Amino acid sequence: MSASGGGTDTDTGTHAAPGPDGDPGADGGAGAGARPDIGRAGADLLATLLDGMDAALCAFDADGTVTHWNREAERILGWPAEEAVGRSGLAGWAVRPADAAGVADRLAAAMASTPERRVHECALLRKDGGRVLVRVQSAGVRGADGRPAGAYWAFGEVHTQLDFERSVALSEALFADAPWGLVMVDADLRPAVVNAQAARALGRTRTSLLGRPLGDVLLQGVEQVEAALEHALVEDAGPRPPADLWVAVRTADGEARRCWRSGFVRLQTPLSQEPAPLGVAWLFQDVTGERLAEQDADRLRFRAGQLHRAGGAAAECEDPMEAATVHLDFALAGFADSALLDLATGPQGRLVRVAASPSGALGPVARTPGAGLPVPYRAGHPALRALDRAGAVRVSAWSQAAGRAGAADRWAAERQWPGDAAHALCAPLRSRGRTLGVVTFLRAAPRPAFARPDTAYAESVAARVAASVDLAQSAC
């Protein structure tokens, strides 16, 4: 790294000793018979490598003379290599006199600390007189005899370094402690990076998820997730707003449905002229509780509105029994597929069908033609249990007939219900301290079973139906 000699490379400041015939590197440091172009090829390779570096680089020999100066250093400070190489130190041209002593001390410390690398910040002087704050990585260089032979500085503008460090810090934070789940998938839609939050949400360890298809960990909703990932991978239309995706995952307690607020970001390499996609970052947050609460609130508002509208419509009915069927018509909307109205008659309290939804067709609840014959319910029938206990009863075909072909149809037929019935809710009709009958709401197989909130709504409807039935019976 000598500063002397006439073989200076004006592009990078790389020196090559002239050979006996004036050719640089005729000997190339090799023995007899060496090819004369080897030394020059090595110098050209070094020059290309130095000029291709993203960081600015300058090197000094043991006396502090500048021996190398690449194009990034020229870009940052404005000094070309032919003006920088050969200068003694940086004082007076690349460093202000007031800062020269500190810079010289750091250079001497770098030479003495070989091979330890040091990082520090200092202000350098541009050729136009402006100052620029740089972050420097410096290290000393030893010669073949082990003595200090010089040092090199690799530096970059501080704001550029800070931007890079912020990006790295953000990535580390997302992969460690972020409250959002993060799954980075490759071009084959297989997880390449998974953070701790996402691993917990998927019920697996971070390493066990890598390289596996999403279908192995998502029981439901994988089609929607993969479609969103594919769209983000092939479309470069900018950021899109987050969307809610419902999925099912396997947990220690069994299958669980989750709603994940999801966003998708296309990743592409900054190192190629033509942006090449590296994959997609899928960020999500579990919002199941909030969405279920919103659904419950919407359901309550709708049902309260139905009760209000049913009351207004029933008030216009001259016949109390017609008013009872009006209440059932309004109750069915979004709640059940069909309804049966059975009234208790006689001292034994047998149930007689007086109104029902049309079988196998859509239509309003209507009175049953030829009503008056008792319904042949067997002992233990849910309607009879609701009548005896004066409380609602919920039953489902899946709890008693799961796994048996045709069992659901037989289950409904044995209970005198339509063949497609899979879930039932029987609510007693209570008025003035008496049980007047039972109303039965039925759902088909694709719909979920009745839950506790459904029971409260059915009892509210039954109370209004009971009032109309009581009025009709009192008028007889």
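1. Basis of the note. Two strands are treated as paired if DSSP finds at least two bridges between them. Helices (H or I, at least four residues) and strands (E, at least two) are DSSP runs, numbered from the N terminus. The structure is a predicted model, in which local features need pLDDT of at least 70 and side-chain atom pairs count only at pLDDT 80 or more, whereas totals for chains, interfaces and linings use all residues. Residues are numbered from 1 along each chain as its sequence is written, and side-chain values use heavy atoms, with hydrogens and water left out.

2. Overall composition. The protein has 14 helices and 17 strands. Of its 476 residues, 41% count as buried, a term that means under 20% relative accessible area, with exposed meaning over 50% and partly exposed in between (1.4 Å probe, protein chains only). Among the contacts with a separation of 6 or more, 50% are made by residues 24 or more positions apart; contact means heavy atoms within 4.5 Å.

3. The open sheet. Six strands form an open sheet with antiparallel pairing, in the order β14-β13-β12-β17-β16-β15. Its edge strands are β14 (366-367) and β15, each of which pairs on one side only. Strands of a sheet pair through backbone hydrogen bonds, either parallel or antiparallel.

4. Strand β13 and its partners. Strand β13 (residues 350-356) runs antiparallel to β12 and is joined to β12 by six bridges. In this pairing D342 stands opposite R353 of β13, and L340 has A356 in β13 as its bridge partner. On the other pairing, two bridges join β13 to β14, again antiparallel, and A356 has A366 in β14 as its bridge partner. Six of the seven residues of β13 are buried, so this strand is largely enclosed by the rest of the structure.

5. Helix α14 lies across β12, β15, β16 and β17 and runs at about 50° to β16. Axes are lines fitted to C-alpha atoms, for helices over the stretch in contact, and angles run from 0 to 180 degrees between N-to-C directions.

6. Helix α14 in detail. The buried residues of α14 include Y457, V461, V465 and V469. The buried residues of this helix pack against α9 (288-314), α10 (320-332), β12 (338-345), β15 (393-396), β16 (421-431) and β17 (434-444).

7. Residue T440. T440 is found in strand β17. At 0% relative accessibility, T440 counts as buried. Leaving aside neighbours within four places in sequence, T440 is in contact with S338, A339, L340, W417, L425 and C426.

8. Aromatic pairs. A search of the whole structure finds 11 aromatic pairs. Rings of Phe, Tyr and Trp (its six-membered ring) pair if their centres lie within 6.5 Å; planes under 30 degrees apart count as stacked, over 60 as edge-to-face and the rest as tilted. W69 and W93 form a tilted pair, at 5.5 Å centre to centre and with 45° between the planes. W69 lies in strand β2 (residues 66-69) and W93 in the loop between α3 (81-84) and α4 (97-112), so the pair ties together parts that are 24 residues apart in sequence. W69 and W93 are both buried. Elsewhere, one aromatic cluster is formed by W260, F264, W282 and F284.

9. Positive phi angles to check. L189, although not a glycine, has a positive phi of about 65°. L189 is placed in the loop between β6 (181-185) and β7 (191-194), and at 9% relative accessibility it counts as buried. A390, also not a glycine, has a positive phi of about 55°. A390 is placed in the loop between α11 (382-389) and β15, and at 36% relative accessibility it counts as partly exposed.
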